Amino acid sequence: MDRREFLMSAGGGLGGIALASLLQNDQLLAAESSKTQILHHPPRAKRVIQLYMSGAASQCDTFDYKPELIKDNGNAWDPGEQVQLFQSSPGKTMQAPWKWKQYGESGKWINECVAPLGDCVDDMAFIHNMVSKSNVHGPATFMQATGFILPGFPGMGAWISYGLGSLTDNLPTFVVLPDPRGFAPNGAANWSAGFLPASNQGTIIRPNSETPISNLFPPKNDFITRKSDRDVLAALKQLNQRHEQERTGDSRLNARIQSYELAAKMQLQAPEVLDLSNETKSTLNMYGLNSVDFEVQEGISEAAEIAYFGRNCLVARRLLEQGVRFVQIWSGADNGFPRRNWDSHEDIKRDHWPLGRGMSIGAAALIKDLKQRGMLDDTIVLWTTEFGRMPCSQGSKGRDHNPFVFTNWLSGGGIKGGTTYGESDQWSFKPADPSNPTMCYDVHATILHQLGIDHEKLTFRHNGIDRRLTDVHGHVIKEIIS
């Protein structure tokens, strides 16, 4: 017997079993997926949609109205301190390329770029003093998605899946609808389960694809039948269970077994959810969809952005109706040329107009649709991006990264509409009160609170640390709760 065989034999014997038992008692082995709800108080919401603008949407061209930028447009920008930017030197003060207008009973100023959301401002709560820890897309994207700037941590959807479990046996708990042009920076790591049980990771659905859910159905051929497919899955389940028994504490195989079982159920449910043919013409028009079929292009155009985002928003509503608990919708892919995300270094007017119109038409339709169906009361809609953009120009038409302040907004699920929390300074450069910024931890804590969860109590022990979505930070923003 060589050394490798000896170690394998010893590890699989009584000593190994005893060690596994002790580790399990100390919660050092991966836990099984939670099927029971972890509720610490009565919930106001049970579902979440996260709208994620990849590339850093400009707050001062969309939702954060600053007359100072209009008054000083074209003049030297001097915030009274030295400013180091991501890839440029501060240019001149630059106003939004489009006009601003007040909407709703709240009188909220909204830019023409995102004007369709003006109809919804009285159902929305805006946070204008958001701050990021990084001005680099990858880490900053991680932070808003997972609460950390480093890889390896679970996404918010994974935490909610782990804590609250599923509302349906026929669809995933956490679904991701990516931009049809590709993934944002970090790719699938943005919605991974991290150290949580693997079954809590996001399931990717591409509504525009010929195969929206990869490998859900067997390939077309002459020898696979429905019966043989079921028999193969049954045999595979037995083999996997035997394999799993020899590897106590590794949640990945159990997650794979569960995924096969879920896939069999999804073969019946998923095609129905993704079939938009039974939606009324008025509903399709509201989402900006003249047709549910469209070609994906590399660059940006208004018609394409409306089709991409509107379709994903409509599919998200249908997923929620069927019991999916968390849906993440992405606008924008990774960096490329021509631009295909919100990273408008070269030309804000060229990029943000089509992206803003597409996003705002889809998001406004989603809020209105949920509201008219009575679903907005228990569904939270969160709009975010990884950081903002500077109030000065980069070159003559673009804006550089601004991690010092940006905007989030929320709607539904007990969120107080028509409200604004946290102001930025007169330029939308930094928080008006630098000692009291809002971080992603606060937004995440507030969403968990509305779901009936105390963010300090939803923990998972990993490497000797009780990890949580909000790390060691976060407070519930009571000012935006009704």
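User: What is the relative accessible area of Asn186?
Analyst: Asn186 has a relative accessible area of 29% and is therefore partly exposed. Buried means under 20% relative accessible area, exposed over 50%, and partly exposed in between, with a 1.4 Å probe and protein chains only. The model is predicted: local features need pLDDT of at least 70, side-chain atom pairs count only at pLDDT 80 or more, and totals for chains, interfaces and linings use all residues. Residues are numbered from 1 along each chain as its sequence is written, and side-chain values use heavy atoms, with hydrogens and water left out.

User: Where is Asn186, and what is its phi?
Analyst: Asn186 sits in the loop between β5 (174-177) and β6 (203-204). Its phi is positive, about 85°, although Asn186 is not a glycine. Most residues other than glycine have a negative phi. Helices (H or I, at least four residues) and strands (E, at least two) are DSSP runs, numbered from the N terminus.

User: How many of the contacts join residues at least 24 apart?
Analyst: Among contacts between residues at least 6 apart in sequence, 79% join residues at least 24 apart. Contact means heavy atoms within 4.5 Å.

User: Why is α4 largely enclosed?
Analyst: Helix α4 (residues 137-146) is largely enclosed by the rest of the structure because 9 of its 10 residues are buried. Among them are His137, Phe142, Met143 and Gln144. Just after α4, Gly147 takes a positive phi of about 90°.

User: And α11, mostly covered or mostly open?
Analyst: Helix α11 is mostly covered, with 10 of its 11 residues buried. These include Cys440, Tyr441, His444 and Gln450. The cover includes β1 (47-53), β4 (124-130), α4, α5 (156-164), β8 (379-385) and β11 (406-411).

User: How do α9 and α10 pack?
Analyst: Helix α9 (residues 302-321) and helix α10 (residues 348-372) pack at an angle of about 25°, with axes 8 Å apart. Axes are lines fitted to C-alpha atoms, for helices over the stretch in contact, and angles run from 0 to 180 degrees between N-to-C directions. The two helices, α9 and α10, are therefore roughly parallel to each other; angles under 35 degrees count as roughly parallel, over 145 as roughly antiparallel, 65 to 115 as roughly perpendicular and the rest as oblique.

User: Which residues meet there?
Analyst: On the α9 side they include Ile306, Phe309, Cys313 and Leu314, and on the α10 side Trp353, Met359, Ile361 and Leu366. The residues of this contact divide into 13 nonpolar, 3 polar and 5 charged. Here Ala, Val, Leu, Ile, Met, Phe, Trp, Tyr, Cys and Pro count as nonpolar, Asp, Glu, Lys and Arg as charged, and the others, Gly among them, as polar.

User: What does Cys113 touch?
Analyst: Not counting residues up to four places away in sequence, Cys113 touches Asp61, Trp98, His352, Trp353, Gly356, Arg357 and Ser360. Cys113 lies in the loop between β3 (108-111) and β4, and at 0% relative accessibility it counts as buried.
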